[in-house]
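Hello,

Here is the structure for your files. My notes on it follow below.

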Amino acid sequence: MAFINYLIHLAILVCIYGMLTVSLNLAVGFTGLINLGHIAFFGIGAYTSALLALNGYPLWAAILGAALIAALAGIILAFPTTRLKGDYLALATLGFTFIVGSIARNWTSLTRGPLGLPGIPKYAASNQTLLWIAAGTLLAFSITIYCITKTRFGKTLQAVRDDELAAAMLGKNTFVHKVAAMGISAFFAGIAGSFFAHYISFIDPSIFGLGDLVLLLSMLIVGGLASVPGSFIGTAIILLIPEPLRFIGFPSALIGPMREMLFALILLLILIYRPKGIFGRVDLQ
Amino acid sequence: MSLAAQLAVNGVIAGAILALVASGFSLIYNVTKMMHFAHGAVIALAAYFAHTFTSMPIAFPFALVLTLVSTCVAGELINRLVYRPLRTRKASSAVLLIASLAAMIFLNAAIITFWGADIKTIRLPYANASIEFAGIIITSVQLTIIAVALVLLLVLWWLMKQTMIGKAMRALADNKDVAQTVGINPEQLTTITFLIGSVLAAVAGILIGIEENLHPAMGTSLIVKGFAGAVVGGMLSVPGAVLGALLLGLAQNLGIWWLPSGYKDAIAFALLFVFLLFRPQGLLGKKMRDA
């Protein structure tokens, strides 16, 4: 029975991180925006949802609030940064992650700083129910993002990624498209953050850490850019591969760092030997 | 008044620490055009090497030499195993950036695995005397850090402007193809750059390790602030980056006149963000390629 619960726990985590990865793929894979601020949207969603729920708002309001505030953060970040390209965009969005993390650590009257927020209410009493909700949400996200990429809007995003100048010459407002892509991507990341906060029932500013950012990038790049099923497969691979470490008998204090070493190593190997990832269709520009 | 003076001195110390970090990082950026974030982890690694070697029953200077050598090996290994294959397949700078973040996480986790997550110190063979001057307190280690940072500023300026290696580095940074036709071997020069960068990392790791104690995440927080300083000063000018780091340390410490001290890092990132958006070439740097 304990083992079944452990499997359910892993499956829920795969669903939550799957939502996060597939939403990041909309910005990075389909629109070509190398956004290292995604983990900040996730954290903003987690904090918004937790704070709303802890202050007595109903769950639906907390989830909606998380999505909207994260989307707003995405749009605000997109305004100044989308005119940057490549590594400059990556650096500015990375700076955004640090700023948000710093605020979460220091705005103690709101976030309790490094103490974190404990006792966040669960979505559902049993983890089994929660797994169905999470899996359903992941499926809904994946279908939505897949459909977005098939619309005229989604095609334009991919045109912006492949040749922004040409897209602009054809009369497309590339700026609005990029801002919208970041906003939608952040909207979904906020919901994923809400799921995470309510599932773990405790969050602290370490959610904005570089380790989690690299974890997320590993999932995205291993699965492959611009592939919706790839994001799901990448998430499952990166989350599940280190799990056998628990059963080999390493001391528990070592499992965390060994897990980080393993996924950093997988990311490096993929970048060197198979930059398109498993299902990817485009290279990271 | 003495509070303001003490804050200013603290700012200079913090700035000198960041300058130690920024010097190696910006040197590597100038030659290879890649953001070597794992430089922070190499600095942390150097501090842990120093901790291990100074705990051994060997003479203190010999322990420092061992630290220097092992750090150089580590730095060059990252270049060989991670960056060179990526350069060979002409990966974009964003890919190299992500690879360097992955390398940094890998090294940080490796440090926890081998040395544990608890705080460690580097044992000094002599007492770290503090000096009081007109109400300002400063320790001999802090004075050393400031002196080393200033010397580094001069040495790096001399290296880049006056020596053959520096000229070759600037040629490579300017135009790789032309540099190759006049007989510069890019891979060899990159190795030399990583070795010099690793020496700088070792110096930074030893001094910072003595001043601030060791913890596994030290590399991350150092490189982020050192990088912010380098951007403020100008990434394409090594002395500019060192100067920017000094200024950033000063700004962070004077900033706590108005803001709670927890916001020190937020000040650094906010400055980084503003400079990336509005003046990506930094205070001293030349105009960068189209950003």
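B:Thr54 is buried, at 3% relative accessible area. Buried here means under 20% relative accessible area, exposed means over 50%, and partly exposed lies in between (1.4 Å probe, protein chains only). B:Thr54 sits in helix H2 of chain B. Helices (H or I, at least four residues) and strands (E, at least two) are DSSP runs, numbered from the N terminus. The side chain of B:Thr54 reaches the backbone oxygen of B:Ala50 at 2.6 Å. Setting aside neighbours within four places in sequence, B:Thr54 is in contact (heavy atoms within 4.5 Å) with B:Phe60, B:Ala63, B:Ile122 and B:Arg123.

Some ground rules. This is a predicted model, where local features need pLDDT of at least 70 and side-chain atom pairs count only at pLDDT 80 or more, while totals for chains, interfaces and linings use all residues. Residues are numbered from 1 along each chain as its sequence is written, chains are lettered from A and ligands numbered from 1 in the order in which they are written, and side-chain values use heavy atoms, with hydrogens and water left out.

Interface

Chain B brings 43 residues to the contact and chain A brings 41 residues. Together they bury about 3,700 Å², with 81% of it on carbon and sulfur atoms. Buried area is the accessible area (1.4 Å probe) that two parts lose on being put together, summed over both. On the chain B side, the elements that give two or more residues are helices H3 (60-88), H4 (93-115), H9 (218-233) and H11 (264-278) of chain B. H4(B) gives the most, with 16 residues. By class, that side has 35 nonpolar, 5 polar and 3 charged residues. For the classes, Ala, Val, Leu, Ile, Met, Phe, Trp, Tyr, Cys and Pro are nonpolar, Asp, Glu, Lys and Arg are charged, and the others, Gly among them, are polar.

The count of salt bridges between chain B and chain A is 0. A salt bridge needs a side-chain nitrogen of Lys or Arg within 4 Å of a carboxyl oxygen of Asp or Glu. There is 1 residue pair in polar contact across the interface, with both residues at pLDDT 80 or more. A polar contact is a pair of N or O atoms within 3.5 Å; within protein, one must be able to donate a hydrogen and the other to accept it, and residues adjacent in sequence count only if both atoms are side-chain atoms.

Salt bridges

Over all chains, the whole structure has 4 salt bridges. One joins B:Arg87 and B:Glu187 (3.1 Å, N to O). This pair links distant parts of the chain: B:Arg87 is in helix H3 of chain B and B:Glu187 is in helix H8 of chain B, 100 residues apart. B:Arg87 is buried at 16%, and B:Glu187 is partly exposed at 25%. B:Arg84, B:Arg87 and B:Glu187 form a network of salt bridges.

B:Glu76 and B:Arg80 also meet in a salt bridge (2.9 Å, N to O). They are 4 residues apart in helix H3 of chain B, so about one helical turn separates them. B:Glu76 is buried at 10%; B:Arg80 is partly exposed at 40%. B:Lys120 and B:Asp118 pair at 3.1 Å, N to O.

Chain A helices

H6(A) has 24 residues and reaches 34 Å from first C-alpha to last, close to the 34 Å expected at 1.5 Å a residue. The expected span is 1.5 Å times one less than the number of residues. Its buried residues pack against helices H1 (2-30), H7 (152-162), H9 and H11 (228-240) of chain A. A:Ser142 lies in this helix, residues 127-150. A:Ser142 is buried at 17% relative accessibility. A polar atom of the A:Ser142 side chain lies 2.8 Å from the backbone oxygen of A:Leu138.

H3(A) (residues 59-81) has 23 residues and spans 33 Å, close to the 33 Å expected. Its buried residues include A:Ala61, A:Gly65 and A:Leu77. Their cover includes helices H2 (38-54), H4 (86-106) and H9 (174-200) of chain A, together with H11 of chain B.

Backbone

B:Lys33 is not a glycine, yet has a positive phi of about 60°. B:Lys33 lies in the loop between helices H1 (2-32) and H2 (38-55) of chain B. B:Asn213 has a positive phi near 65°, in the loop between helix H8 (186-212) and H9 of chain B.

Best wishes
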